[in-house]
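Please consult the sequence and the structure shown here alongside the text.

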Amino acid sequence: MDFVLRKRGSFYCLDIKKKTFDTDLMKKITFFIKDNIKNTHRLALNLKHVEEFDRGETVSSICGCGVNLYGLNPILSMQLSLLSPKKFPPVYVSEDDFIQSKRMLARRRFRVV
């Protein structure tokens with residue numbers, strides 16, 4: 001399995017186990033969320049082990065899904081900011097910050113020159 005679901009109180013955390021977050025994985029996660037989880041604002045993806053997104057379509061599907069993110073490395077955060085459309089998902093520093101709704105990362109506006 002490419003991801004593992006954990007429940008902590010009333011919050012859900014999906015631990016992603018792949019190094020590359022691709023569109024196939026996002027499709028699996030989307031179907032899993034539709035079948036099992038009702039409130040997506042209480043769901044976060046743990047991207048601690050992820051090193052890259054495969055393309056911009058994956059990033060836009062993450063942004064459109066309405067889930068929270070945490071555990072991003074700086075390069076992944078920069079790639080998310082560059083490839084995301086106008087909508088930017090909520091990004092937290094850690095799992096505890098997600099549960100307590102503290103320390104949310106601000107979107108950095110990068111430009112490719």
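## Basis of the description

Helices are DSSP runs of H or I with at least four residues, and they are numbered from the N terminus. The structure described here is a predicted model.

Helix H1 spans residues 23-36 and contains 14 residues. From its first C-alpha to its last, H1 reaches 20 Å, close to the 20 Å expected at 1.5 Å a residue.

The buried residues of H1 are Thr 23, Leu 25, Met 26, Ile 29 and Ile 33. They lie on the same side of H1, because the arc they cover around the axis is only 150 degrees. Their packing partners are strands E1 (3-8), E2 (11-16), E3 (20-21) and E4 (43-46), together with helix H2 (56-65). On the face turned away from this buried side, H1 carries the exposed residues Lys 27, Phe 31, Lys 34 and Asp 35.

Leu 82 is located in helix H3, which comprises residues 74-83. Its relative accessibility is 38%, so Leu 82 counts as partly exposed. Together with Ile 75, Met 78 and Leu 83, Leu 82 makes a nonpolar surface patch of about 350 Å².

## Asn 68 in strand E6

Asn 68 belongs to strand E6, residues 68-70. With a relative accessible area of 7%, Asn 68 is buried, the cut-off for this class being under 20%.

Leaving aside residues up to four places away in sequence, Asn 68 touches Thr 40, His 41, Leu 43, Ala 44, Leu 45, Pro 90, Tyr 92 and Phe 98.

Methods. Residues numbered from 1 in each chain as written. Predicted model: local features only at pLDDT ≥ 70, side-chain atom pairs only at ≥ 80, totals over all residues. Heavy atoms only, no water. Helix = DSSP H or I, 4+ residues; strand = E, 2+ residues; numbered from the N terminus. Expected span 1.5 Å × (residues − 1). Buried < 20%, exposed > 50% of the residue type's maximum accessible area, 1.4 Å probe, protein only. Arc of directions from axis to C-beta. Contact = heavy atoms within 4.5 Å. Patch = residues over 30% accessible without salt bridge, like charges linked within 9 Å, V, L, I, M, F, W, Y side chains within 5 Å. Areas by Shrake-Rupley, 256 points an atom, 1.4 Å probe, with all protein chains shown as cover. Salt bridge = Lys/Arg side-chain N within 4 Å of Asp/Glu carboxyl O.
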